[in-house]
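Please open the model in a viewer and keep the sequence at hand. The tour below moves from one selection to the next.

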Amino acid sequence: MILAFLIAFPLLNLGYRFLSLAITTGVTAIALYGLGIQFGQAGIMSVGHAAFVGIGAYTAAIVAGMFGIGFWLAIPLSIVMSALCAGMVGLPSLRVGGQHYIIITFCFCALLQIILTNGGTFTGAATGLDVGSIDHLFGINFDQLRNIYYLVTLVLIICLVTTYLIINSPYGRTLRAIRENEMLARAIGINIGLHKIGVFMVSGAFAGMAGILQAYYLRHISPILYGPFPSLYLALMIMLGGSRLIYGPLIGAVIVSFLPEIMRLDPIDSRIAYGIGLLIVVLLLPGGVSAGLLDIYRRLRPRSLK
Amino acid sequence: MPALEVIGLQKEFGGVTALAGVDISIETGKIAGIVGPNGSGKTTLFNVVAGVYKPTGGRVLWHGKDITGKPTYEINRRGLARTFQQAMSFSGLSVRENVQISYEHGRSHSATSQRKINWSSPDEILSFVGLDRVANELAGSMPFGNLRLLGLALALSTNPSLLLLDEPAAGLSENESEVLTNLILRLAEMEIGVCLIDHDMFFMGALCERLIVLNFGTKIAEGPPSIVLNDPSVVEVYLGIEK
Ligand SMILES: Nc1ncnc2c1ncn2[C@@H]1O[C@H](COP(=O)(O)OP(=O)(O)O)[C@@H](O)[C@H]1O
Ligand SMILES: [Mg+2]
């Protein structure tokens, strides 16, 4: 049903604005699936996730500018680059715990923004870099917004399926064990350090994919897109949507992107609305909106399930 | 050669000496007990052996190989498992998932030849300890006695040849305690070594083939229960000074 809706969405002809909003939401959701595994399964929050989206985006823009490598070939490069950087930023997490590590992610994000802003022609400084268009593939023209939408949707579905497979695999269970009790996890033979770095890399890989999509959709990227503020938004979305259930990240991205549009809130009002929304969710729905919906669904249909 | 050999083990926390040079050797397939008053260093001994803390001095040998200061996960993978005095679990997950995680790691990390029991599924382990009926419950919502059994199940799933149990009987009812005793006896029959800690001299005397008594981080007696329980220095520690 959801799949049918995603495919039919452009056919509703809601106009250019809604279609581009849907693309942005899709890209955001892709990045959020990474954070969803990291936070929802392994229990490690980050408020610097946008930095890895940025590394994916800048990698794509730089290899295009310097070596003429186009979108399709740059995909693995962006993914690997973001994953590697995320793994490196994760190294301090082996020595410091929870709250301290969150601050490190925030600092890295701020640091990256400074580096990008002062990177001269290499990073395009504060104005950023222009990006070309996506090369035709199988005769599909990606200059059309609708086709970019379908591309993003396809990647989103792949991310969703990947997340589902991870959650239900021994690997996903291992991450949950680390989330629940590190000391016990070690005692049953789990190499915590390896898995922590591993999950940062997985999380970074999703962010890198989101980054290259964003770069080629926007056709222009700049440091401000990847600073602490967008990172905080990602953290907000994952908490609103819920990180442990498969639809949580998608719901979080949709709520935060579409609600202000539908309710016609200006940016200041929407921030107040997010703040209130987050408070309500934290107090009433600790598992996020996705867990809340699942709970309501189960309560409404107890008989039909039996 | 003993399976586990601890030589001159010392551990200090700041100014506190938890272990002041302890020598112990433990064989598999036998039940050994460690007794001693609160704060005598029993838990610390397990923690140092299992790699949670690095010792200040001394060595830990496992089948003759030096494993002193190796990471906890690696020591477990070599067949040395332990439970915790606080009865730990992955409290937000179901009982079955708890055991499944441990089972999957045990499977991938232990060689088939090294396994004393070839568990065929997590459910088999749950039935073995008697938790099959509560498999779908949230681990954290279980009563204390079941948590103790879950802790044992988690350790067992990793295919150990020696189990270190930290006060497995503490807080258990008489019935639960009997269930536990039977389990421990069955483990010994399967050639899995058990080394357990408890305060209760009578419980330990009945269960263990050998007792080791610690006091202030030093071993003050060792041997069969009949001899150790009549040792004047042990009686002194447990019953106060008798003249
Ligand atoms: N992590 C620690 N930090 C500081 N002191 C500790 C720590 N663990 C144990 N101790 C101290 O070491 C001594 C032995 O403790 P422990 O091994 O827990 O005793 P037991 O298990 O025999 O009751 C106690 O004095 C205790 O306070
Ligand atoms: Mg103790």
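Select Q85(B), which is partly exposed at a relative accessible area of 30%; the term covers values between buried, under 20%, and exposed, over 50%, with a 1.4 Å probe and protein chains only. This is a predicted model, in which local features need pLDDT of at least 70 and side-chain atom pairs pLDDT 80 or more, while totals for chains, interfaces and linings use all residues. Residues are numbered from 1 along each chain as written, chains are lettered from A and ligands numbered from 1 in written order, and side-chain values use heavy atoms, without hydrogens and water.

Next, display the magnesium ion (ligand 2): its protein donors are Q85(B), through OE1, and T43(B), through OG1, at 2.0 to 2.2 Å. Donors are N, O and S atoms within 2.8 Å of the metal (3.2 Å for Na, K and Ca); water is not among the atoms, so sites may look incomplete. The two residues are 42 apart in the chain, with T43(B) in helix α1 (residues 42-49) and Q85(B) in the loop between β6 (80-82) and α3. Helices (H or I, at least four residues) and strands (E, at least two) are DSSP runs, numbered from the N terminus. T43(B) is also partly exposed, at 25%.

Now turn to the boundary between the chains. Contact (heavy atoms within 4.5 Å) involves 17 residues of chain A and 22 of chain B. Finally, select E97(B) and R176(A): they form a salt bridge, with the closest N and O atoms 2.6 Å apart. The term requires a side-chain nitrogen of Lys or Arg within 4 Å of a carboxyl oxygen of Asp or Glu, and the interface has 2 such bridges.
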